[in-house]
Amino acid sequence: MGEDISRAIEAIVMVAEEPVPPNLLAQLLEMPVTEIEQACKQLADGYESEGRGFILVKIAGGYRYQSHPDLSPYVERFVLEGQSSRLSNAALETLAIIAYKQPISRAQAASIRGVDVEAVVRTLQSRGYIAPLGRDPGPGQAVLWGTTPLFLEKLGLDSLDDLPPLGEFVPGADVVEALETTLRPAGPDEPVTSP
């Protein structure tokens, strides 16, 4: 890899506000995408071996610089200094539902959460974490929501495939059955049991 190519990649990625897709780098530098991918890997490996405070990563389908993960305590202090606009638990729950179930309507998300999510959806949209993906072809043609590249960027993910599997968070069938049994209202002919 030529020094000019690596310097050009560094300069482009440094000034970009969003992750730079490898095909755009290839187009700008008039090189095949495979060579761009190889050059980015060599740069990333070099930064790591030099023990730099930043790394070159591929997230949201493109390359960007970010602080080295082992320096996160310092970066968190810097970023959070004076910042009080964290997402509420309701917003985080709704965002997780949308991320895993997208495309999903507001009514479907509300059904899963068990409460109205209209205000939360507006907040998530205003922060750029979700956006309309289309409309449901059914009655009412509800807006279908999904996550944005900013969501992937903030979580440090390359794609939605990198989300942890839901199976890790779902209770086993025996637990679900026990809950259903204890929470099901007794019928007129059934004795009331306590858990």
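**Entry 1: α1 against α3**

I started where Ser6, Ile9 and Glu10 of α1 meet Ile36, Ala39, Cys40, Leu43 and Tyr47 of α3. I sorted this contact by class and got six nonpolar residues, one polar and one charged. The model I am reading is a predicted one. Next I looked up the geometry. The axes of α1 and helix α3, residues 33-50, come within 10 Å and cross at roughly 80°. That angle makes α1 roughly perpendicular to α3.

**Entry 2: the overall plan**

I stepped back to see the whole protein. How many helices and strands does the protein have? I find nine helices and five strands. I then read the elements from the N terminus on, and they run α-α-α-β-β-α-α-β-α-α-β-β-α-α. I checked burial too: buried residues make up 27% of the 195 residues. Last, I took the contacts between residues at least 6 apart in sequence, and 45% of these join residues at least 24 apart.

**Entry 3: α2 against α3**

I went back to α3 for another partner. Helix α2, residues 22-29, packs with α3 at an angle of about 105°, and their axes are 8 Å apart. This makes α2 roughly perpendicular to α3. On the α2 side I list Pro22, Asn23, Leu25, Ala26 and Leu29. On the α3 side I list Val33, Ile36, Glu37 and Cys40. By class, I get seven nonpolar residues, one polar and one charged in this contact. I note that Ile36 and Cys40 are among the residues of α3 that meet α1, and that they are also in the contact with α2.

**Entry 4: Met14**

Is Met14 buried or exposed? Its relative accessibility is 58%, so I count Met14 as exposed. I also looked at Met14 and Arg64. They are 50 residues apart in sequence, yet their C-alpha atoms are 7.4 Å apart in space.

**Entry 5: α5 against α6**

I moved on to the next helix pair. The axes of α5 and α6 come within 10 Å and cross at roughly 120°. That makes α5 oblique to α6. I read the crossing of α5 past α6 as right-handed. From α5, the contact uses Ala90, Glu93, Thr94, Ile97 and Lys101. From α6, it uses Ala109, Ile112 and Arg113. These residues divide into four nonpolar, one polar and three charged.

**Entry 6: after α5**

I followed the chain into the loop between α5 and β3, where I find Pro103. Which kind of peptide bond joins Gln102 and Pro103? It is a cis bond, with omega about -5°. Then I reached Ser105, in strand β3. Ser105 has a relative accessible area of 5%, so I record it as buried. What does Ser105 touch, leaving out residues up to four places away in sequence? I find Ala142, Val143, Leu144 and Trp145.

**Entry 7: α7**

I looked for the buried residues of α7, residues 118-126. They are Val120, Val121 and Leu124. Seen down the axis of α7, the buried residues fall within an arc of 100°, so they line one face of the helix. An α-helix has 3.6 residues a turn, so residues three or four places apart point the same way. What covers the buried residues of α7? I find that the cover includes α5 (89-101), α6 (106-113), β4 (130-135) and β5 (143-147). I also checked what follows α7: Gly128, with a positive phi near 85°.

Ala60 has phi near 50°, a positive value in a residue other than glycine. I place Ala60 in the loop between β1 (54-59) and β2 (62-67). Its relative accessibility is 24%, so I count Ala60 as partly exposed. Where does Gln141 lie? I find Gln141 in the loop between β4 and β5. Phi of Gln141 is near 45°, again positive in a residue other than glycine. With a relative accessible area of 45%, Gln141 is partly exposed.

Conventions
Residues are numbered from 1 along each chain as its sequence is written. This is a predicted model: local features need pLDDT of at least 70, side-chain atom pairs count only at pLDDT 80 or more; totals for chains, interfaces and linings use all residues. Side-chain values use heavy atoms; hydrogens and water are left out. Buried means under 20% relative accessible area, exposed over 50%, partly exposed in between (1.4 Å probe, protein chains only). Helices (H or I, at least four residues) and strands (E, at least two) are DSSP runs, numbered from the N terminus. The arc is that of the directions from the helix axis to the C-beta atoms. Contact means heavy atoms within 4.5 Å. Axes are lines fitted to C-alpha atoms, for helices over the stretch in contact, and angles run from 0 to 180 degrees between N-to-C directions. Angles under 35 degrees count as roughly parallel, over 145 as roughly antiparallel, 65 to 115 as roughly perpendicular and the rest as oblique. A crossing is left-handed if the near helix is turned anticlockwise from the far one by less than a right angle, and right-handed if clockwise. Ala, Val, Leu, Ile, Met, Phe, Trp, Tyr, Cys and Pro count as nonpolar, Asp, Glu, Lys and Arg as charged, and the others, Gly among them, as polar.
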